Amino acid sequence: MVNRRFFLCLTSLIATYTFSSKNLANNINKAKGKIIIIGAGIAGLTAGKTLQNQGFEVILLEARNRIGGRLWTSKKWDNASVDMGASWIHGKQGNPITKLANSINAQVFPTKSEKAIIYDLNGKIITEDKEEKLDKLAQKIEQIIIKIQNKYNDDISLQKALEKELNWQQLSNSDKDYFNFLFNYNIELEYAADISQLSAFYFDDGKAFDGDDLLFPKGYTVISDYLAKGLNIRLNHKVVSIESNNQGVNVITNQGNFQGDKVIVTLPLGVLQKNIVKFSPPLPEKKLGAINQLGMGVLNKLYLLFPKPFWQKNYHWIGKISDKKGQWSGWVNLESALKKPILLGFNAGKFGKEIESWSDEKIVADAMKNLRQIYGNSIPQPIDYQLTRWSQDAFSFGSYSYYAINSTPNHRQELAKPINQQVFFAGEATSVDYPATVHGAYLSGLRVSQEIIAHQ
Ligand SMILES: Cc1cc2nc3c(=O)[nH]c(=O)nc-3n(C[C@H](O)[C@H](O)[C@H](O)COP(=O)(O)OP(=O)(O)OC[C@H]3O[C@@H](n4cnc5c(N)ncnc54)[C@H](O)[C@@H]3O)c2cc1C
């Protein structure tokens with residue numbers, strides 16, 4: 001948990017950084033030291049900007065040919081930027097990303113979860129009594145989760161716990177379909193894992209900001225582009241190993257070695273789990289334990305661009321109850337935000353991963369089959385599509401971290417701990433308060449900067 005004193009430190013860093021437009025690259029104070037940052041995602045960029053503003057010499061090494069990491073806006077379509085990674089500022093009130101967006105006058109668009117329209121198994125809008133039923137089942141799930149988290153002694157999968165408490169075998173097929181819809185739409189799409197993979201104790205641990213969620217009609221990379229200004233970033237520099245000794249750190253990349261006083265590692269959890277970046281000396285057992293205990297989830301996106309909209313324009317979210325659990329249950333109508341007839345479909349967890357092995361054509365055809373169940377056979381074919389395969393991404397191996405069974409917030413704390421005040425760690429998976437988010441990654445960049453400033 002962030003204690004009050006530490007929170008104040010972060011607040012002052014946010015203030016320095018948001019309101020100072022000066023590029024202090026020219027004020028580098030060699031005595032402060034040279035910091036090598038691995039990864040130019042939001043965590044690395046934030047740490048880089050903060051430390052450079054404080055007079056440190058900073059260099060960022062980024063394996064991709066672009067900055068942003070899991071902030072990645074595609075400009076493939078004319079006048080319609082679509083985010084292949086993060087889309088939303090989750091909870092605008094008090095969110096540091098809202099503050100950052102405001103400071104650069106970034107255009108934002110609020111989406112509201114209550115502006116949702118849900119379709120039944122038969123493809124018809126759910127009737128009022130079915131809507132009431134869905135609400136009641138959702139409340140029941142919430143109550144059961146509170147019970148599990150307060151009364152159970154040992155962690156088990158969320159699925160096992162829910163099924164036990166719901167007397168799953170006794171439920172009608174229709175109730176099972178309704179519950180499965182809620183599990184996927186409310187939980188699996190948010191945590192990027194199946195309920196069978198999530199820890200019943202901790203899957204929803206953390207804090208949240210209030211208020212609407214905000215989209216960036218021009219793409220989330222307005223934020224990373226802003227943060228990157230004035231930083232020394234080496235693209236296409238894939239780090240293969242990190243050595244540290246009394247003299248400092250030596251970071252070996254595919255394009256040569258980089259020496260510094262300290263290194264900040266913002267590698268995604270999925271990359272750390274693959275053990276493809278070597279550490280010398282090796283990472284401590286406890287940190288390795290944390291890396292392996294936490295889960296790296298999968299959330300994939302499919303954008304479909306149509307010749308014209310055929311859906312109801314005044315809803316932001318479209319839900320579909322299905323007898324196939326976890327398949328195409330949630331869509332976003334992007335027409336109002338992007339002024340183009342675009343739908344965004346999601347799949348998470350096991351199904352999200354499974355379809356990565358399908359051809360693009362098969363994924364689009366499956367999505368269209370589901371949309372036709374709602375809107376009928378006469379809807380047009382999409383003009384074009386864009387889709388993601390995050391579990392196969394060589395610089396992420398997944399979308400974001402989740403609490404797997406038997407993992408705890410201590411594992412995130414362990415992941416965040418520096419080694420010998422030389423090798424520091426940041427990134428969304430190190431955030432206890434806001435894991436799996438852009439703001440969590442951003443705050444981790446401020447936290448790690450604070451650690452370095454405190455020990456200079
Ligand atoms: C599909 C999807 C949807 C999401 N939706 C949202 C959302 O709506 N709202 C939200 O708040 N969050 C969302 N997230 C989560 C959010 O995007 C991440 O939490 C955040 O961007 C992570 O930032 P980071 O700096 O920790 O990691 P990253 O952005 O992954 O940065 C790490 C960097 O390290 C680089 N790297 C990897 N390996 C090497 C190497 N060997 N050498 C050098 N560099 C390397 C990577 O290329 C990357 O640039 C979403 C993520 C995904 C994938």
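How many nonpolar, polar and charged residues does the shell around the ligand have? I opened the notebook with this point, and I note at once that the model is predicted.

**Entry 1. Ligand shell**

I looked up the classes and found 21 nonpolar, 14 polar and six charged residues in the shell around the ligand. I then asked which of the 41 residues around the ligand come nearest. These are Gly 39, Gly 41, Ala 43, Gly 69 and Ala 86. I also recorded which elements contribute: helix 2, strand 16 (299-305) and helix 14 (438-454) each supply at least two residues of the shell.

**Entry 2. Domains**

I checked how the protein chain is divided and found domain 1 (4-69 + 219-295 + 402-454) and domain 2 (113-211 + 299-397). Their C-alpha centres lie 32 Å apart. To the contact, domain 1 gives 19 residues and domain 2 gives 17 residues. On the side of domain 1 that touches domain 2, helix 8 (residues 269-274) provides the largest share, four residues. I sorted that side of domain 1 by class and noted 10 nonpolar, six polar and three charged residues.

I returned to the ligand with one more question: why does the shell lie between domain 1 and domain 2? Both domains give residues to the shell around the ligand, so it lies between them.

**Entry 3. Helix 2 and helix 7**

I examined the packing of helix 2 (residues 42-53) with helix 7 (residues 221-228) and noted an angle of about 30°, with the axes 9 Å apart. On the helix 2 side I listed Ile 42, Leu 45, Thr 46 and Lys 49, which meet Ser 224, Leu 227 and Ala 228 in helix 7. The residues of this contact divide into four nonpolar, two polar and one charged.

**Entry 4. Helix 4 and helix 5**

I next took helix 4 (residues 128-151) and helix 5, whose axes come within 10 Å and cross at roughly 110°. That makes helix 4 roughly perpendicular to helix 5. I recorded the crossing of helix 4 and helix 5 as right-handed. Ile 141, Ile 144, Lys 147 and Ile 148 of helix 4 make the contact with Ala 161, Leu 162 and Glu 165 of helix 5. By class, I found five nonpolar, no polar and two charged residues in the contact of helix 4 with helix 5.

**Entry 5. Helix 9 and helix 13**

For helix 9 (residues 285-293) and helix 13 (residues 409-416), I noted axes that come within 8 Å and cross at roughly 130°. Helix 9 is therefore oblique to helix 13. The crossing is left-handed. Helix 9 contributes Lys 286, Lys 287, Ala 290, Ile 291 and Gln 293 to the contact, and helix 13 contributes His 411, Glu 414 and Leu 415. I counted the classes in the contact of helix 9 with helix 13 as three nonpolar, two polar and three charged.

**Entry 6. Backbone geometry**

I looked for exceptions, given that most residues other than glycine have a negative phi, and most peptide bonds are trans.

Is the peptide bond from Ser 280 to Pro 281 cis or trans? I found this bond to be cis, with omega near -5°. Pro 281 lies in the loop between strand 14 (278-280) and helix 9, the helix that I paired with helix 13 above.

I also stopped at Asn 167, which is not a glycine and yet has a positive phi of about 50°. Where is Asn 167 found? I located Asn 167 in the loop between helix 5 (158-165) and helix 6 (173-191).

How values were computed:
Residues numbered from 1 in each chain as written. Predicted model: local features only at pLDDT ≥ 70, side-chain atom pairs only at ≥ 80, totals over all residues. Axes fitted to C-alpha atoms, helices over the stretch in contact; angles between N-to-C directions. Contact = placed C-beta atoms within 7 Å. Nonpolar A, V, L, I, M, F, W, Y, C, P; charged D, E, K, R; others polar. Near = placed C-beta within 6 Å. Domains from an automatic or database assignment. Parallel < 35°, antiparallel > 145°, perpendicular 65-115°, else oblique. Left-handed = near helix turned anticlockwise from the far one by under 90°.
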